[in-house]
Amino acid sequence: GSMHVALRAPSENELAFRNARNFHSMNMQVVCDAAGTITNVVAKFPGSCPNAAVLENSALARLLEGARPEGAWLLGDRSYPLKTWLMTPILFPCGPAEERYNALHHQALAALRQTRALLKRRFRCLDAAGGCLQYAP
């Protein structure tokens with residue numbers, strides 16, 4: 001999943017770092033397992049870069065598109081496209097089976113939500129509520 005880390009407005013390429021919520025940020029991809037152990041981080045894309053593009057341009061995507069390890073799956077929210085190795089929610093569920101899938105998918109993403117919240121509590125500079133990082137991208 002993605003996490004936007006607020007930055008002060010850069011003097012160069014300012015618009016690239018302005019995200020959809022209208023603040024300047026880096027779009028940071030964080031991947032964790034079901035226990036919340038972080039397994040992958042990509043922190044080099046500006047805030048205007050869509051989540052799917054961050055994933056698409058990562059080494060993790062190249063690994064999973066190649067010889068995907070047995071039983072390796074990623075879960076993503078609606079901002080990601082469905083792939084053979086990336087499970088996303090069903091946009092318009094038809095029937096109880098698809099509704100159950102969406103509920104379980106949402107439940108499985110709880111580990112990621114908790115991990116991101118823990119990162120923001122531990123490293124206050126990652127939480128936009130505490131202001132923005134005073135560094136250039």
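Contact here means heavy atoms within 4.5 Å. Helices (H or I, at least four residues) and strands (E, at least two) are DSSP runs, numbered from the N terminus.

Two notes before you go on. This is a predicted model, in which local features need pLDDT of at least 70 and side-chain atom pairs count only at pLDDT 80 or more, while totals for chains, interfaces and linings use all residues. Residues are numbered from 1 along each chain as its sequence is written, and side-chain values use heavy atoms, with hydrogens and water left out.

**Stop 1: helix H4**

Select residues 110-122. Why does the length of H4 agree with expectation? At 1.5 Å a residue, its 13 residues should span 18 Å, and the end C-alpha atoms are 18 Å apart. The expected span is 1.5 Å times one less than the number of residues.

Now colour Ala 111, Leu 112, Thr 115 and Leu 119, which are buried. Look down the axis of H4: the buried residues fall within an arc of 95°, so they line one face of the helix. That arc is taken from the directions from the helix axis to the C-beta atoms. Buried means under 20% relative accessible area, exposed means over 50%, and partly exposed is in between (1.4 Å probe, protein chains only).

Which exposed residues does the face of H4 turned away from its buried side carry? They are Gln 114 and Arg 121.

**Stop 2: strands S1 and S2**

Select S1. Of its 5 residues, 4 are buried, and the strand is mostly covered. Two strands pair if DSSP finds at least two bridges between them. Click Val 5 and look across: its bridge partner in S2 is Met 26.

**Stop 3: the loop between S1 and S2**

Find Asn 13 in the loop between S1 and S2. Asn 13 has a phi near 60°, positive in a residue other than glycine. At 57% relative accessibility, it counts as exposed.

Go on to Asn 22, also placed in the loop between S1 and S2. Its phi is positive too, at about 65°, although Asn 22 is not a glycine. Asn 22 is exposed, with a relative accessible area of 54%. Why stop for these angles? Most residues other than glycine have a negative phi.

**Stop 4: Asn 27**

Move to Asn 27 in strand S2. Is Asn 27 buried or exposed? At 1% relative accessibility, Asn 27 counts as buried.

Show its side chain. It reaches the backbone oxygen of Cys 49 at 2.8 Å. A polar contact of 3.0 Å also joins the side chains of Asn 27 and Asn 51. A polar contact is a pair of N or O atoms within 3.5 Å; within protein, one must be able to donate a hydrogen and the other to accept it, and residues adjacent in sequence count only if both atoms are side-chain atoms.

Leave aside neighbours within four places in sequence. The contacts of Asn 27 then include Ser 2, His 4, Val 42, Phe 45 and Val 54.

**Stop 5: the S2–S3 hairpin**

Select S2 and S3 together. They run antiparallel, with 6 bridges between them. They form a hairpin with 5 residues between the strands, and Gly 36 in the turn has a positive phi of about 90°. Gln 29 stands opposite Val 42 in S3.

Next, pick Asn 40 in strand S3. Asn 40 is buried, with a relative accessible area of 18%. Which side chain does the side chain of Asn 40 meet in a polar contact? It is that of Gln 29, at 3.1 Å. Beyond neighbours within four places in sequence, Asn 40 is in contact with Gln 29, Val 30, Val 31 and Leu 60.

**Stop 6: Ala 53**

Select helix H1 (residues 51-56) and click Ala 53 within it. At 24% relative accessibility, Ala 53 counts as partly exposed. Ala 53 and Tyr 80 are 27 residues apart in sequence and 8.8 Å apart in space, C-alpha to C-alpha.

**Last stop: the whole chain**

Zoom out. The chain has 4 helices and 5 strands. Along the sequence they follow the pattern β-β-β-α-α-β-β-α-α. Buried residues make up 34% of the 137 residues.
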